[in-house]
Amino acid sequence: MYTETGKFPGRFSKIIAMTLNEQNGFIKNTGTMILSYTVLFAVLIAGVFSTFYLQHKCLMNIYDAYDQGYFWTVELKKNLSSLMAGNGFPEWSWSKGPGMEVKAITDPFMVLAALFPIGHIELGYSVVTILRLYVSGLAFMAFAREVEIARYQAVMGAICYTFSAWIINVSLVQSQFVNITILFPLLIMSVDRVYKGKSSVPFMILVALTMINSVYLAYMAGLSAVLYILLRYFNYCEKFSIKEYVVSVLKFIVYGLIGMAASAVITMTTIQSLMGASTGGGSGKAYDTFAGMSFVFNLGNKFVSEGYDFGYGYIGLPILALMVIAVSYRYFSLRNTQLIMTAIFVIMTPFPFFSSMFNGFGYVTTRWYFMLIFFLVWTATENFDLDRLAEIKNLIIMFIWMAIITVSTLGFAYLDITENYSRNDILFVAGSLAAGYLMLVIIATGIKGKTPLKFRQGAITLITVGAIACLWTISFQGSMDTFVKDNEINAQLEASTQR
């Protein structure tokens, strides 16, 4: 490592300098790490969602967020008002079709949104959506510190995790789904704590909270956690023992059952509903064994993303994270559990069976990508050491990998192998790749310490933040008609003759 006091030119030099330690260029302590992440997050939120502010729009689309998120929040507000007035918490609602059971209060973020005045629920929903994203990054940083990732790398990992395309798009489509991106890193972190000989209580609590948050998403997370438990043992064992391995796994089964039992008071109703569900509720459409070559040709787009999309199809890693993935496999071993998990999940992506399996063997959906994104970003974060990336072999690997990504995105688009791109799609992909090549040049300046580590870290940070903010601003152009304004829904309801 190099300890020269490098100065980064520009107005952000003081902010960058505050976040870096004089020793090894890493962020000083946990408090400063959180402050650094908070500053970067605030800048990114202001940039990514600037179009919403300028057009007086909320982070609530006119589809699922409107149909479900808004009315769930309004119903919760009415029920909380009833509770505070001494009339109890209603257990039945006649406002939903012929009537149905009222959901239990399990989402603290939704409670916060319900505290906003009835005419500004949309605004409260937006504030809470941003808060969910912020806490998602904090959860990733907590995990990164548990697995002893350097602080600068942890902050950049949190940024790449939170501002991946899947999480941003989901926050606009189904804001409550962002909760699992908070709970999943903490659940995986609790597994490591048990393997380190620490308390098993956090694991049991996280199992319970994940179940309470959503049995549906807990099912997905549970499948991944089981696989992780089976593989993570090899990271901590000195010498493999079948007996110790079986005992370790059995302990996790017991801890998991205790956590599930603790959540049963709230989740039992949901589980009973699922058990009584009919197979006729599916689409009835059979899925192919293999998604086909068109899916494979579009994998580059899925990993880079084309920006805003109503759905769950894009992984969309920020280019910094995507660029260093290939380097990780140079250091492959059984102890690098994240590499194995990433490989397994990536191999699953072209097979609709796995998307159906994670959806309870229902219709094919890629809501399970939150797990893939976590392991992808973890894998990348381990390699944000700019001195190591500046090694000649690693630079060559990254250059070849970036060339492959370029061909599989813009190259395929030019040859019209994949579906036609819109102008904004091309700008998003091209901008991401341009930022990646610029980062490669900056990383290369670290060969034999030609430039100070602080300079390279500051430059990489500014390019990452700038690219994410600018590209998403471009992506949202032309999509603002799919989002609502503050008080727009309530005003429509007040004017309706059917209210």
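Which residues in α21 meet which residues in α22? The structure is a predicted model, so to speak of local features takes a pLDDT of at least 70, side-chain atom pairs count only at pLDDT 80 or more, and totals for chains, interfaces and linings use all residues. Residues are numbered from 1 along each chain as its sequence is written, and side-chain values use heavy atoms, with hydrogens and water left out.

On the α21 side, the contact (heavy atoms within 4.5 Å) takes in Asn424, Leu427, Phe428, Gly431, Ser432, Ala435, Leu438, Met439, Ile442 and Ile443, and these meet Arg456, Ala459, Ile460, Ile463, Thr464, Ala467, Leu471, Trp472, Ile474 and Ser475 in α22. Sorted by type, that gives 14 nonpolar, 5 polar and 1 charged (Ala, Val, Leu, Ile, Met, Phe, Trp, Tyr, Cys and Pro count as nonpolar, Asp, Glu, Lys and Arg as charged, the others, Gly among them, as polar). Helices here are DSSP runs of H or I, at least four residues, numbered from the N terminus. Helix α21 spans residues 423–444 and α22 residues 453–476, packed at about 175° with axes 10 Å apart (axes are lines fitted to C-alpha atoms over the stretch in contact, and angles run from 0 to 180 degrees between N-to-C directions). That makes the two roughly antiparallel, a label for angles over 145 degrees.

Turning to charged pairs, the whole structure has 7 salt bridges (a side-chain nitrogen of Lys or Arg within 4 Å of a carboxyl oxygen of Asp or Glu). In one of them, arginine 132 pairs with aspartate 107 at 3.0 Å, and both are buried, meaning under 20% relative accessible area with a 1.4 Å probe, protein chains only.

Key
Parallel < 35°, antiparallel > 145°, perpendicular 65-115°, else oblique. Buried < 20%, exposed > 50% of the residue type's maximum accessible area, 1.4 Å probe, protein only.
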